[in-house]
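Hello,

Here is the structure I promised to pass on to you. Have a look at it first, and then read on for what turned up in it.

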Amino acid sequence: MGKVYLVGAGPGDPELITVKGLNCIKNADVIVYDRLVNEELLHYAKPKAELIYCGKLPHHHVMKQELINQTLVKHAKRGKIVTRLKGGDPFVFGRGGEEAEELAKNQIPFEIVPGITAGIAAPSYAGIPVTHRNYGSSFAFVTGHMKNGEEDSIKWEALCHIDTLAIYMGVRNLPNIRAKLLSFQKSGDTPVALINWGTTSSQKTIVTTLDKVVEDGEKGKIENPCMIIIGEVVRMREKIQWFENSFEDSLAKEVVL
């Protein structure tokens with residue numbers, strides 16, 4: 001019997017992977033990796049390691065989740081060390097829980113290796129702390145892409161009382177997200193940041209307000225992967241943005257609308 005490691009690769013910058021996560025890549029016989037994993041990390045794989053891509057785009061999955069689960073079980077039963085490499089953290093909207101369930105059901109040994117999630121890393125690279133004692137003492141991770149489009153299952157009224165919202169993959173549902181928050185009396189003047197490809201050289205940040213976020217996102221041509229940060233902490237970006245400023249050749253872009 002082999003073993004499976006469910007590894008968080010971090011949000012995009014390859015240097016943000018953990019030491020344990022990198023060791024799992026180096027020791028793997030098989031690596032099953034996602035679309036949002038920085039492929040520079042695959043350079044650390046053993047020369048004879050089998051690399052299996054299972055990336056997902058909206059309405060187009062190279063491998064359905066059930067097949068990914070079966071792939072992990074199959075290779076582990078063959079005595080292989082399998083690293084399931086996932087963008088961000090395996091247990092933050094990464095379906096790591098589903099994969100761990102399948103491994104446990106088949107009595108496959110496994111370990112969870114947490115990774116840095118985009119909900120913290122992307123705003124950090126945009127100069128936005130998710131908490132700040134002057135602006136926000138609570139924050140919530142929220143999916144912007146519900147299973148079967150069930151957006152209404154999110155408790156938007158309760159979320160309106162959270163200081164900072166970090167919404168994952170919510171660009172397609174942004175009109176609905178705005179409408180829900182405004183309907184529960186979230187102020188239209190609330191600052192919002194849209195962070196596209198956070199922590200990478202393609203990072204682009206738009207700063208706007210809840211009232212204008214849909215139109216400004218369209219003007220800025222923002223698409224997923226994107227972190228949507230809603231809350232007063234966004235105001236800190238003006239003072240402490242650092243990542244864009246660290247690129248003299250403007251590899252990372254800022255758009256303020």
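This is a predicted model: local features need pLDDT of at least 70, side-chain atom pairs count only at pLDDT 80 or more; totals for chains, interfaces and linings use all residues.

Both faces of strand β12 are covered: Cys226, Ile228 and Ile230 lie on one side, Met227 and Ile229 on the other, and all of them are buried. Buried here means a relative accessible area under 20%, whereas exposed means over 50% and partly exposed is in between, using a 1.4 Å probe and protein chains only. Helices (H or I, at least four residues) and strands (E, at least two) are DSSP runs, numbered from the N terminus. In a regular strand, side chains alternate between the two faces of the sheet.

Residues are numbered from 1 along each chain as its sequence is written, and side-chain values use heavy atoms, with hydrogens and water left out.

Now to the partners of β12. Two strands pair if DSSP finds at least two bridges between them. Strand β9 (residues 164-168) runs antiparallel to β12 and is joined to it by 4 bridges. Across this pairing, isoleucine 167 stands opposite isoleucine 228, and leucine 165 has isoleucine 230 as its bridge partner. Strand β10 (residues 191-196) is also antiparallel to β12, with 5 bridges between them; here isoleucine 195 stands opposite methionine 227.

What about β9 itself? Because 5 of its 5 residues are buried, β9 is largely enclosed by the rest of the structure. Both of its faces are covered, with Thr164, Ala166 and Tyr168 buried on one side and Leu165 and Ile167 buried on the other. Strand β9 is also joined to β8 by 5 bridges, and these two run parallel. In that pairing, valine 142 stands opposite isoleucine 167.

Which residues touch the most other members of the largest nonpolar core? They are Trp156, Ile167, Leu181, Leu194 and Ile228, in a core of 21 residues. The elements giving two or more residues to this core are β8 (139-143), α5 (156-159), β9, α6 (174-183), β10, α7 (213-219) and β12. A second, separate core has 17 residues, including Tyr5, Leu22, Cys24 and Ala45. A nonpolar core is a set of buried Ala, Val, Leu, Ile, Met, Phe, Trp, Tyr and Cys residues joined through side-chain atoms within 4.5 Å.

Next, the cysteines. A disulfide is a pair of cysteine sulfur atoms within 2.5 Å, and by this rule the count is 0. Cysteine 160 is in no disulfide, and its nearest cysteine sulfur, that of cysteine 226, is 19 Å away. Cysteine 160 is buried, at 12% relative accessible area, and cysteine 226 is buried as well, at 3%.

Is threonine 117 buried or exposed? It counts as buried because its relative accessible area is 8%. Its side chain makes a polar contact with the side chain of tyrosine 168, at 2.5 Å. (A polar contact is a pair of N or O atoms within 3.5 Å; within protein, one must be able to donate a hydrogen and the other to accept it, and residues adjacent in sequence count only if both atoms are side-chain atoms.) Beyond its neighbours within four places in sequence, threonine 117 is in contact with Gly88, Asp89, Val92, Phe141 and Tyr168.

In α4, the buried residues include Gly119, Ala121, Ala122, Pro123 and Tyr125. What covers them includes β8, β9, β10 and β12. Just after α4, glycine 127 takes a positive phi of about 80 degrees.

Finally, the whole protein chain: it has 8 helices and 13 strands, and 50% of its 257 residues count as buried.

Happy exploring!

Definitions and conventions. Contact means heavy atoms within 4.5 Å.
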